[in-house]
Amino acid sequence: MAVVVGGESGDGSGLLQAGAEAVGRGELREALELFEQAVAAETGDLRVCAMVNAATVTDHLGEHAEAVRRYREALDLMPADAPRMRPGALIGLSQAQQHLGDLDGAQAALEEARLLLSADGASPELRYATLVSATAVAMHRQQWAVAIELANESLDAARRFAPEQAGHALMNLAAAHFETGRWELAEDFAGQSLMAFEAAGDVDGVAETQQNLALMFTRAGRFDEAEPLLLRSQEHFETGGAAYRAGIGWKITGFIAEHRGDTQVASDRYRQALTRFEESGAVIDAADVRMRSATVAFAAGRFDDGEADLTAARSTYLEHGLGLHCAQLDFWHAGLLEPLVEADPGILARAVDLAVTSAIALDAVRYELPDGAQRENWNRRMADPALRLAFRYAYQAGDATLVIDLIETLCAGTTLDLDQVAANGRTHVDLPESIDPPLVSSAPLSDALQLGSALAAVAAGAGLPVTPPPRVSVPPDGRIALDAWISAAEQRYGRPLRDGRGDSGMTVPQPGPNAQPTSYIRMVDAGDLFISWRWADDSAPPGVGLVTEDEVTTALRRFDAALPAPGRPDGLESALTTGELASPESENALAQALSSTFLPYRLAERLHELYVQGIRPHLRIQPSSRVAQLPWELLAPDPELRLLDIADLSVLAPTGIVHAPARIGRSWPETGELPVVAILDPRIPGFRADSALGSVLGRMSPDAPLTALVAGHAAADRLIPRVDDPLEAFRRTDVDRDWLSKVLCEGASRLLYVGHVTAAPPTSGHSDSATLHLACPATTTGFAAPQRDHRPLSARDLLLGTHTLIDDPRTGPQLWPIPSRVALIACESGGDLRFAEPLGLIAAMITGGAELVTAGRWPLPTDLAFQRLGGAPPHIHPLQDAVCAIDAAHDLPAPIPALNDWQRTQLAAWRESGDIQHSPLLWAAFATVDTR
């Protein structure tokens, strides 16, 4: 921490000098008193200088809201272009706002400081401090790539302008690498930070880095390595009177004791942390440590003490308007009640109330975060554990209506907010932290460098912003799911949790008297798998089922082992030869096991009743991300009976996508006058036919099934691209995104794609990174990174178009108006259903206009794989036959029954012959997502 010593005379000058000396001794309370006396004694610049110093010390004492007030009061008295004092005050204001979680305000203050420091001759030390603070903002926003870039820039700047302060940049690099799982790099940079502070003789920096490194070791579970560092840093903070930092140290040691099961030591340490935080005025940190103290009290059976801690913490959060902190506390409280709910129904009701309202509020935070990876991280850290608890309590309480409402609301998903695409960030979200604040090192006010374009990078990033879907209307009475709970949560936490659109809800049209019975089956992962179903005609009561987490894991592990897995040694060959989907007997046993796990008994009963009446219902299934690859068609409630035998099945698209304002709805033209746009095994620039993105169909012959399909469409003048020879439609080099935009804008009834799709892993949160590989060169404008000489077309491209890429942008649906029916025949082309937030290629197609999309659930074996690995005859073309069947069904008024009929034909052949070309490995891989 650096303070400014006054220049000329008056009593205030001496007070400023004395205050600076007190800061040097670590006596911050004495320093604050001296600076306040200087404020009262002086006028003009010296008074403003004293005010800034008082704000700086106040912030370091942990009184961040008061520090912000003091900084703003001082800034109001400064000229707007003050070149000497104003940038430093703005940087200090930014740091105080970061401590409060006001990242938008912090960023705005930094931007103003950067503009003031852009003039020639401006202080390089202050420029450096601006850069370090921008790094901290990026880290608080969890924008780790940006943070690493900024930290590297600040390190370079420190070595040029302020070598004695390089330790701060090194510690920030350590923190950013730690948060992104690069432990070896994090440990190395933290070690360098220690050496840098030691070389500079900065004992405060050494102690802070020791504490930060100890926190890293603690979070990694390496307690024995953390404790010596804590001991050394704690001695420095205690003897130096740095109460706030001492409080952090006691909190970490308490956490270690708690996890070692020593509740008495943990309780003592948390009480010491509480004392230090209260001494420093860090009231929010004090409330946070009370939550941990309550955990220990409940574990020791001191329930009254625990309740008192939680009540005090809640009062603090409410006083400071921290609604999300209150939600986190309620979730915490609900979890602490878990050992008590069995003995007292009243406690269970209280636990349900706390868990459900807090889960609703914590889940809603994701709508305010601008990027899928940030939303995934938030879900993993906070929202998912809260929802697990809410579901568990609601199910334990036997409240089926509440469980159904939770499922319906969560399955609505998110709604794309394309209006926000070009916006720089979001409004402030006061995210509660975990056990400790982020590992951020803030340089003193005397250090710095030019920020340049790096600051813009903190705010720019297109992201993929979303909003909550409208409230969900649940038939038959049209009540709004969770309406009272949402209102209670909004009132309790002082935050709107649903926007004002569509409060009448998203209803499904009721069927006519002779309509096919339709069941809507939805699933949510909440530790256990929760399943709800209801019948559109209300011919049977709705129901709720639960599959335990262990049962889900066991069943999916078995099923996954049967799938083609190019990443596993011999994965494709074993799937075609020895896997459970490679023979009728083992496949039937697997199907029975899956059915006993995932098909709720009461739902199976109703399906059997309809079956014996000769009625085939339509099951519209919205799977959770964990079971998105599960082929419900194969489930065997009886050894001789599959769901495919007794029902039509399709996948239900999330209502948040279907009803998004950005969506352009289209209806399939039954006249068949519009053409079929066919992209068939395009040639990818930079990839040979036998490479990773090479040919999926192989060399086509005039008598191949797909050649006949192309010839038929061409003869009817319905094929785009127009060709004289059907073989010219394959392996084309001109079918890039510009060509696709042109032909779609001219009008099409259907889109047929056969080729490659690639995507990030579901845990990344980036479903929008899924890509179609067209014949686009690397020089093409787009969001996806180039691969060799090629740039893929991503779901993000199809959604955002050229927003944030060019000066005169157009949205994805404007550039690529998607026809009503789409077939994406590629490996895991429906893979976005495996994401907690499915905003991949299927969502992009639906947003662009599709009402029905058929895509692959898992990697598809090619014809060559069936022949060479599976032993199929050389004249057999299972993949081409599947493409032809899907294409034919998409040309009919009712495509879903037609697709299911083709699958039934394949199932019959599989039962009769057992030939590998009829294995469900291929035909059961296709899911049809329906929006109607």
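Residues are numbered from 1 along each chain as its sequence is written, and side-chain values use heavy atoms, with hydrogens and water left out. Because the model is predicted, local features need pLDDT of at least 70 and side-chain atom pairs count only at pLDDT 80 or more, while totals for chains, interfaces and linings use all residues.

The protein holds 37 helices and 18 strands. These elements are DSSP runs numbered from the N terminus (helices: H or I, at least four residues; strands: E, at least two). Of the 932 residues, 60% are buried. Buried means under 20% relative accessible area, exposed over 50%, and partly exposed in between (1.4 Å probe, protein chains only). The protein exposes about 35,400 Å², and carbon and sulfur atoms supply 52% of that area. Accessible areas come from the Shrake-Rupley method with a 1.4 Å probe; for residues, only the protein chains shown count as cover.

An open sheet contains 11 strands in the order 7-6-5-8-9-18-17-16-12-10-11. Its pairing is mixed. Two strands pair if DSSP finds at least two bridges between them. Strand 7 (543-547) and strand 11 (719-720) form the edges, each pairing on one side only.

Strand 5 (residues 518-526) has eight of its nine residues buried, so it is largely enclosed by the rest of the structure. Strand 5 runs antiparallel to strand 6, with eight bridges. Here M523 is paired with I531. One residue separates the two strands in their hairpin, where G527 takes a positive phi near 75 degrees. Strand 5 also runs parallel to strand 8 (residues 618-622), through five bridges. I521 has I621 as its bridge partner in strand 8.

Helix 23 (residues 549-562) has 14 residues, which should span 20 Å at 1.5 Å a residue; its end C-alpha atoms are 20 Å apart, in agreement. The expected span is 1.5 Å times one less than the number of residues. V552, A555, L556, F559 and A562 are the buried residues of helix 23. They fall within an arc of 105 degrees seen down the axis, so they line one face of the helix. The arc is that of the directions from the helix axis to the C-beta atoms. D550, T554 and R557 are exposed on the other side. Cover for the buried residues includes strand 6 (528-535), strand 7, helix 24 (571-577), helix 25 (584-598) and helix 37 (920-923).

R602 belongs to helix 26 (residues 601-612). R602 is partly exposed, at 44% relative accessible area. Beyond residues up to four places away in sequence, R602 touches W533, P541, P542, G543 and V544. The C-alpha atoms of R602 and G543 are separated by 7.5 Å, although the residues are 59 apart along the chain.

V677 stands opposite I720 of strand 11. Helix 29 (residues 705-715) buries L706, T707, L709, V710 and H713. They cover an arc of only 160 degrees around the axis, which puts them on the same side of helix 29. The buried residues of helix 29 pack against strand 10, strand 11, strand 12 and helix 35 (878-890). A708 and A715 are exposed on the face turned away. D717, which follows helix 29, has a positive phi near 55 degrees.

Definitions and conventions
Contact = heavy atoms within 4.5 Å.
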